There are 2 protein chains.
Amino acid sequence: MKTNILIADDEPNQLELMAYNLETSGFGTIKARDGKNALQLIEDHSPDLVILDWMMPNMSGIDLCRTLRSRSETKQLPIIILSARSDDSDKSLGLDTGADDYISKPFSPKELISRVNALLRRSRPALINNILEHENLKISLNEMTVTYFDKNVKLGPKEFKLLTLLMERPGHIFSRGKLLDLVWGHGVYVEERTVDVHMSRLRKALKTASDENLDPIRTVRDGGYGLFTNKII
Amino acid sequence: MKTNILIADDEPNQLELMAYNLETSGFGTIKARDGKNALQLIEDHSPDLVILDWMMPNMSGIDLCRTLRSRSETKQLPIIILSARSDDSDKSLGLDTGADDYISKPFSPKELISRVNALLRRSRPALINNILEHENLKISLNEMTVTYFDKNVKLGPKEFKLLTLLMERPGHIFSRGKLLDLVWGHGVYVEERTVDVHMSRLRKALKTASDENLDPIRTVRDGGYGLFTNKII
DNA sequence: AAACATATATATCAATTACTTAAATTAATT
DNA sequence: AATTAATTTAAGTAATTGATATATATGTTT
């Protein structure tokens with residue numbers, strides 16, 4: 001599954017150029033021509049990262065950024081702002097509005113790709129790294145293998161994805177609805193109880209691997225599930 | 001506790017200027033004069049973020065960055081690289097080596113602060129996001145945990161919501177009716193006395209956590225409940 | 001100050017709700 | 001067709017909830 005990036009720019013040449021470069025680097029692209037269009041496409045496709053031009057018709061990149069940050073579904077979405085305005089207060093404004101990075105035009109394709117990768121590495125490690133680690137749990141994403149206390153853990157695909165997600169944000173509690181969205185996909189209707197069943201299997205597999213019957217997953221009643229962090233509880 | 005930032009630059013003026021600006025913004029600073037020195041100080045002080053000049057004696061910022069990324073203790077450490085070299089392949093090299101951001105000199109203090117904040121927001125969300133604090137009480141909304149005097153407090157969902165609400169407006173007295181509306185939901189009919197019962201449970205849990213039998217909740221006869229502020233009785 | 005009226009705190013219990021798990025069913029792969 | 005995984009169902013278990021009863025505290029009136 002490709003990492004999808006939404007690009008919003010009202011200048012067709014710029015848009016196509018960026019799309020070309022990103023695709024060459026192996027990303028999937030979704031193109032938007034203005035702010036409103038971008039918002040709609042973000043809702044529909046849940047891209048993994050968005051690149052927004054500051055100056056756009058309908059809704060500016062800054063306003064869109066603010067909107068995205070205010071909604072719980074996109075609060076964590078990685079955002080890069082592009083702008084022809086290169087003075088320092090614009091840069092600050094863009095970043096302080098909640099963007100993760102700000103690139104002044106003109107920029108090289110190379111820089112863009114490096115910045116996209118740097119941001120993904122930080123915000124969605126599973127999309128870039130081969131290995132995720134948390135205490136004694138390790139996931140090798142390319143090889144699709146999991147070890148717990150250096151023992152192999154055999155998981156089904158759903159359990160694997162669930163664990164990957166939990167490991168991207170240790171300590172964070174994901175609601176069943178959120179997990180269904182992220183693991184099963186947006187708009188798929190499945191019973192929430194199904195999540196419980198998969199969590200149960202995941203736990204069973206992990207407990208079996210650790211001889212000690214250890215279980216790194218925390219249940220929060222009425223809340224959801226998350227990966228235990230030693231600091232808390 | 002201040003967020004500590006290590007700055008490494010062999011140019012004393014630049015170093016002092018950055019330290020001054022960061023401290024003005026409320027950060028603690030640790031200053032290093034070269035790469036080796038920086039590595040030592042990072043090991044000793046575990047800063048929350050590091051800013052490394054590319055060109056430094058002993059060990060360049062890039063080499064240091066590579067070293068930090070290869071060690072498990074600093075694999076996740078947020079890194080910003082500074083450089084007088086502003087051509088695109090240098091930027092890419094810096095970012096591809098594992099830095100989170102790259103700033104070309106000369107840059108404004110304002111941009112530096114904004115980039116530091118953006119990176120902290122992304123890498124240590126707990127430092128900025130989703131934590132409610134009031135004196136010795138802390139709630140992490142992401143992790144759904146409560147601590148009082150650094151001890152964990154176990155709460156049921158209703159008590160958790162009640163406390164969250166009170167902590168959103170310390171000192172404000174919420175009537176039972178208002179609490180029922182906000183926590184139980186509009187239109188749900190529940191006895192007002194039930195609020196008393198949950199408050200009692202919440203208090204019990206907090207008192208247990210603080211060995212001193214402390215209770216941060218204030219009852220206002222005929223009024224409701226609120227979070228104590230030392231200023232107001 | 002005493003007696004009364006009213007409000008709040010807490011313990012207890014039954015009802016409810018939420019979670020876990022195993023087993024059965026359905027769907028997808030091989 | 002056989003195997004593997006995904007989903008639903010259903011039953012068992014555990015935790016939370018809300019009402020009520022009683023004790024305690026507060027405020028008012030005489």
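Visitor: Which residues come nearest to DNA strand D?

Guide: This is a predicted model, in which local features need pLDDT of at least 70, side-chain atom pairs count only at pLDDT 80 or more, and totals for chains, interfaces and linings use all residues. Residues are numbered from 1 along each chain as its sequence is written, while chains are lettered from A and ligands numbered from 1 in the order in which they are written. A residue is near a strand if its C-beta atom, placed from the backbone, lies within 6 Å of it. Of the 21 residues around DNA strand D, the nearest are Gly156(A), Glu191(A), Gly156(B), Lys158(B) and Glu191(B).

Visitor: Which element gives the most to the surface near DNA strand C?

Guide: DNA strand C is surrounded by 17 residues, with Asp196(A) and Ser200(A) among the closest. Two helices, α9 (193-209) of chain A and α9 (193-209) of chain B, each supply at least two residues of that surface. With 6 residues, the element that gives the most is α9(A).

Visitor: How are α7(A) and α9(A) oriented to each other?

Guide: Their axes, which are lines fitted to C-alpha atoms over the stretch in contact, with angles running from 0 to 180 degrees between N-to-C directions, come within 9 Å and cross at roughly 85 degrees. Because angles of 65 to 115 degrees count as such, α7(A) and α9(A) are roughly perpendicular.

Terms used:
Helices (H or I, at least four residues) and strands (E, at least two) are DSSP runs, numbered from the N terminus. Angles under 35 degrees count as roughly parallel, over 145 as roughly antiparallel, 65 to 115 as roughly perpendicular and the rest as oblique.
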